[in-house]
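Colleague: I have just opened this one and would like to be walked through it. Could we look at it together?

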Amino acid sequence: MPLPLFDRNRGNIDAARAEFRAADARLASARQDAQADRAAAEARLAASVSRVRAADAGVTSAEEAYRLSRIGFEAGRISQLELRATRTALVSARTAAVDARLARVRAEIDLARQDGRAPFEGPQ
């Protein structure tokens, strides 16, 4: 049977060390979560920038198709139904471009939140 006189509070010291290791592990986990969130925000921003470029190219193509359809309709070569379909495609392309821009703005806001800065001010 051990005598508590020579124990020097070993049980409490071990418990304190275990709590310290647990707190250190929680801190490391929080750091890794923050790094993962920042990397995800950067990836979303890069993807949204690419999506905006693609949407703009789609709008340009749809505008050209609509312009050519109008010329064809005025010349009597294309029906009004085909002209309306081309116009609908143009409206859809413009809607997709607006949605892409909104996604880019949200991604910028999310990245700024991760960095602890105001959005659209650049890095600090």
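**A network of charges**

Modeller: A network of salt bridges links R38, E42, E108, D115 and R117, where a salt bridge is a side-chain nitrogen of Lys or Arg within 4 Å of a carboxyl oxygen of Asp or Glu. This is a predicted model, in which local features need pLDDT of at least 70 and side-chain atom pairs count only at pLDDT 80 or more, while totals for chains, interfaces and linings use all residues. Residues are numbered from 1 along each chain as its sequence is written, and side-chain values use heavy atoms, with hydrogens and water left out.

Colleague: Which residue does R38 meet in a salt bridge, and what is the N to O distance?

Modeller: R38 meets D115, with 2.6 Å from N to O. Because R38 lies in helix 1 and D115 in helix 2 (residues 80-115), this pair ties together parts that are 77 residues apart in sequence. Helices here are DSSP runs of H or I with at least four residues, strands are runs of E with at least two, and both are numbered from the N terminus.

Colleague: And R117, is that buried or exposed?

Modeller: R117 is buried, at 15% relative accessible area, whereas R38 is partly exposed at 31% and D115 is partly exposed at 32%. Buried means under 20% relative accessible area, exposed means over 50%, and partly exposed lies in between, using a 1.4 Å probe and protein chains only. The side chain of R117 also forms a salt bridge with D115, at 3.5 Å from N to O.

Colleague: How many salt bridges are there by this rule?

Modeller: The count comes to 9. Among them is the pair E64 and R67, whose closest N and O atoms are 2.7 Å apart; both residues lie in helix 1, 3 residues apart, which is about one turn of the helix.

Colleague: Changing topic, how many helices and strands does the protein have?

Modeller: The protein has 2 helices and 0 strands. Its radius of gyration, taken over C-alpha atoms, is 30 Å, well over the 14 Å that the globule rule (2.2 Å times the number of residues to the power 0.38) gives for 124 residues, so the protein is more spread out than a compact globule. Along the principal axes, the C-alpha atoms fill a box of roughly 110 × 35 × 15 Å.
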